[in-house]
Amino acid sequence: MIHKYTLNGFHIVLDTNSGAVHIFDDAPYDMLDYLEDEVPQQAPKQMMDDLGKKYDKATLDEAYNELKELYENGQLYSEDGYHNFSAMLKEAPVKSMCLNVAHDCNLRCEYCFAAKGDFGCGRKLMPLEVGKKAIDFLIEHSKGRRNLELDFFGGEPLMNFQVVKEIVEYARSQEEKHNKKFRFTMTTNGLLLTDDVIEYLNKEMYNVVLSLDGRKEINDMLRVHADGSGCYDAIVPKYQKLIATRGDKDYYVRGTFTKHNLDFAKDAVHMAELGFDQVSVEPVVSDPKLPYSLQEEDLPAAFAEYENLANILIDRKKKGEGFNFFHFMIDLDQGPCAIKRLRGCGCGNEYVCITPEGDIYPCHQFVGEEKWKMGNIMEDTFNIPMKQEFALTNVYSKEDCKDCWAKFYCSGGCAANSWQYEGDILKSHKLSCDLEKKRLECAIMMKAAMAETNI
Amino acid sequence: MKQIKTLNQANLKQSAVKGGCGECQASCQSACKTSCTVANQKCENENNQ
């Protein structure tokens with residue numbers, strides 16, 4: 001399977017199964033219209049006759065020989081041999097956890113998938129006892145894995161900061177005994193950041209995700225306090241202070257774009273101009289009936305804006321003013337292995353979410369969906385058949401993914417989106433797929449542009 | 001090659017043979033939380049470094 005497209009003057013050809021990415025001149029690119037799943041030894045007569053009107057024979061012969069060379073080297077129309085690895089897709093150790101330490105929030109963001117902080121389950125903070133038990137659960141269920149990840153999430157996790165600190169202290173005390181290494185991360189709205197909190201997060205958190213939607217008027221439209229006022233002015237100086245002392249540890253300033261800011265490249269650039277060089281701006285995923293939701297009709301504008309942002313990033317990079325945009329990050333040589341790409345995000349299998357009550361869900365976006373409750377850590381219950389169901393949810397069990405060129409990049413997409421908007425974890429959420437494919441096309445084009453200028 | 005330029009090593013198939021150690025980060029633990037992109041995670045297999 002291949003995917004071919006032209007963007008910014010580059011004819012780009014991606015060979016899905018090998019991961020090879022090529023830039024084609026016009027003649028070999030035109031030849032692909034006459035080929036299907038192989039490059040025969042003998043060039044098809046119809047192709048040579050038709051293209052003979054456009055190119056000279058020497059050019060066509062050379063082009064066809066190059067196509068044959070790629071084919072013989074397994075870099076074009078390469079076979080899908082990944083079914084051999086299906087045995088590796090079974091139930092895996094749990095090594096990653098989203099710990100919802102606060103089902104409460106000091107903001108009331110309109111688009112919040114957590115129902116403005118409490119996931120529709122009532123406002124509650126996680127007791128320390130539950131947090132410690134979550135650490136024990138992760139250690140117990142992660143046999144064979146050393147690196148464990150724990151994201152403090154909510155709601156707003158800093159509303160329960162003392163418990164966060166005590167959970168970290170407890171986890172650290174268990175590392176040596178169990179030969180584990182905890183990587184803590186936190187996703188915060190920033191309101192409760194103080195100098196002391198910043199110092200703590202920069203010491204203990206491997207990554208921090210700082211929520212900000214971009215320009216003040218955009219951020220303050222939906223990221224609001226209970227009284228409806230925006231939070232931009234309160235959080236931006238705090239983020240700048242945090243980043244100034246962050247050192248080389250990871251962070252992202254992360255926003256959401258909606259129908260209201262389909263010109264979201266301006267928001268990404270605004271964040272860069274505030275001094276943030278690690279930026280993520282993601283499409284809102286919400287009920288299509290809501291006024292800010294992205295719909296099919298918004299896709300052309302969103303696609304054009306991704307292209308616009310890609311071009312801005314190329315220009316800035318050439319001038320030494322580049323910044324990292326999370327969704328355009330792609331390493332064509334040293335990215336994750338094929339097994340990881342087959343497994344996907346790992347939700348419900350390698351990754352779980354724990355609520356303040358100790359309930360286990362496949363991920364943070366399933367919280368409150370009673371059907372998908374996997375058990376409770378305080379009651380020592382854990383639904384293994386459901387875990388197996390998630391382990392088998394991958395690009396080969398999802399009908400729409402099997403024949404999709406992007407399957408080894410998104411790895412089947414978000415199971416929660418599939419459930420919420422398609423009613424089945426084995427279906428694909430088309431809007432998300434379309435946006436993902438566009439982002440990939442842009443990210444690969446940027447690689448081509450950078451290769452051309454040797455940056 | 002003159003008319004085709006290949007940008008990468010195309011090693012996805014080889015990566016399957018040595019891969020699957022499971023030590024890399026879950027994608028939703030990095031920056032997304034709402035939209036899944038697995039291919040931008042770093043490989044953390046010590047045997048591949």
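**Figure 1. Strands β9 and β10 of chain A run side by side in this predicted model.** Strand β9 (residues 250–257) of chain A pairs with β10(A) in the parallel sense, and 5 bridges link the two. To find your place along this pairing, look for Thr256(A), whose bridge partner in β10(A) is Glu282(A). Strand β10 spans residues 278–283 of chain A and is mostly covered, with 6 of its 6 residues buried. Gln278(A), Ser280(A) and Glu282(A) point one way from β10(A), while Val279(A), Val281(A) and Pro283(A) point the other way. Both sets of residues in β10(A) are buried.

**Figure 2. A hairpin of chain A is built from strands β2 and β3.** Here β2 (residues 10–15) of chain A and β3(A) run antiparallel, joined by 4 bridges. A handy landmark is Ile12(A), which has Ile23(A) as its bridge partner in β3(A). Between the two strands lie 5 residues, and in the turn Gly19(A) has a positive phi of about 85°. Now follow the side chains of β3(A): Val21(A) and Ile23(A) point one way, His22(A) and Phe24(A) the other way, and all are buried.

**Figure 3. Strand β3 of chain A also pairs with a strand of chain B.** Strand β3 (residues 21–24) of chain A and strand β1 (residues 4–6) of chain B are antiparallel and share 3 bridges.

**Figure 4. Chains A and B meet across an interface with 73 residues of chain A and 40 residues of chain B.** The side of chain A that touches chain B is made up of 35 nonpolar, 20 polar and 18 charged residues. For chain B itself, the secondary structure comes to 1 helix and 1 strand. Chain B has 49 residues, of which 55% count as buried.

**Figure 5. Helices α10 and α16 of chain A pack at an angle of about 25°.** Helix α10 covers residues 299–318 and helix α16 covers residues 430–453, and their axes are 10 Å apart. With angles under 35 degrees counted as roughly parallel, α10(A) and α16(A) are therefore roughly parallel to each other. The crossing of α10(A) past α16(A) is right-handed. On the α10(A) side, the contact includes Leu299(A), Ala302(A), Phe303(A), Tyr306(A) and Ala310(A). Among the residues that α16(A) brings to the contact are Leu435(A), Cys442(A), Met445(A), Met446(A) and Met450(A). Charged residues take part as well, including Glu307(A) and Lys317(A) from α10(A) and Asp434(A) and Arg439(A) from α16(A). By class, this contact has 13 nonpolar, 1 polar and 6 charged residues.

**Figure 6. Helix α9 of chain A packs with α10(A) too.** The axes of helix α9 (residues 265–273) of chain A and α10(A) come within 9 Å and cross at roughly 30°. This pair is therefore roughly parallel as well: α9(A) and α10(A) fall under that heading. Look for Ala265(A), Ala268(A) and Val269(A) of α9(A), which meet Glu305(A), Asn308(A), Leu309(A) and Ile312(A) of α10(A). The residues of this contact divide into 5 nonpolar, 1 polar and 1 charged.

**Figure 7. Cys401(A) sits in helix α13 of chain A.** Helix α13 covers residues 399–402 of chain A. Is Cys401(A) buried or exposed? Cys401(A) has 22 other C-beta atoms within 10 Å, so this cysteine is buried. Leaving aside its neighbours within four places in sequence, Cys401(A) is in contact with Val395(A), Lys407(A), Gly412(A) and Ser428(A). Gly413(A) lies 12 residues away along the chain, and its C-alpha atom is separated from that of Cys401(A) by 9.1 Å.

**Figure 8. Helix α15 of chain A has buried residues that are covered in part by α16 of chain A.** Within helix α15 (residues 415–422) of chain A, the buried residues include Ala415(A), Ala416(A), Asn417(A), Ser418(A) and Trp419(A). Just after α15(A) comes Gly423(A), which takes a positive phi of about 75°.

Terms used:
Residues are numbered from 1 along each chain as its sequence is written. Chains are lettered from A and ligands numbered from 1 in the order in which they are written. This is a predicted model: local features need pLDDT of at least 70, side-chain atom pairs count only at pLDDT 80 or more; totals for chains, interfaces and linings use all residues. Two residues are in contact if their C-beta atoms, placed from the backbone, lie within 7 Å. Two strands pair if DSSP finds at least two bridges between them. Axes are lines fitted to C-alpha atoms, for helices over the stretch in contact, and angles run from 0 to 180 degrees between N-to-C directions. Angles under 35 degrees count as roughly parallel, over 145 as roughly antiparallel, 65 to 115 as roughly perpendicular and the rest as oblique. A crossing is left-handed if the near helix is turned anticlockwise from the far one by less than a right angle, and right-handed if clockwise. A residue is buried if 20 or more other C-beta atoms lie within 10 Å of its own, exposed if 12 or fewer, and partly exposed in between; C-beta atoms are placed from the backbone.
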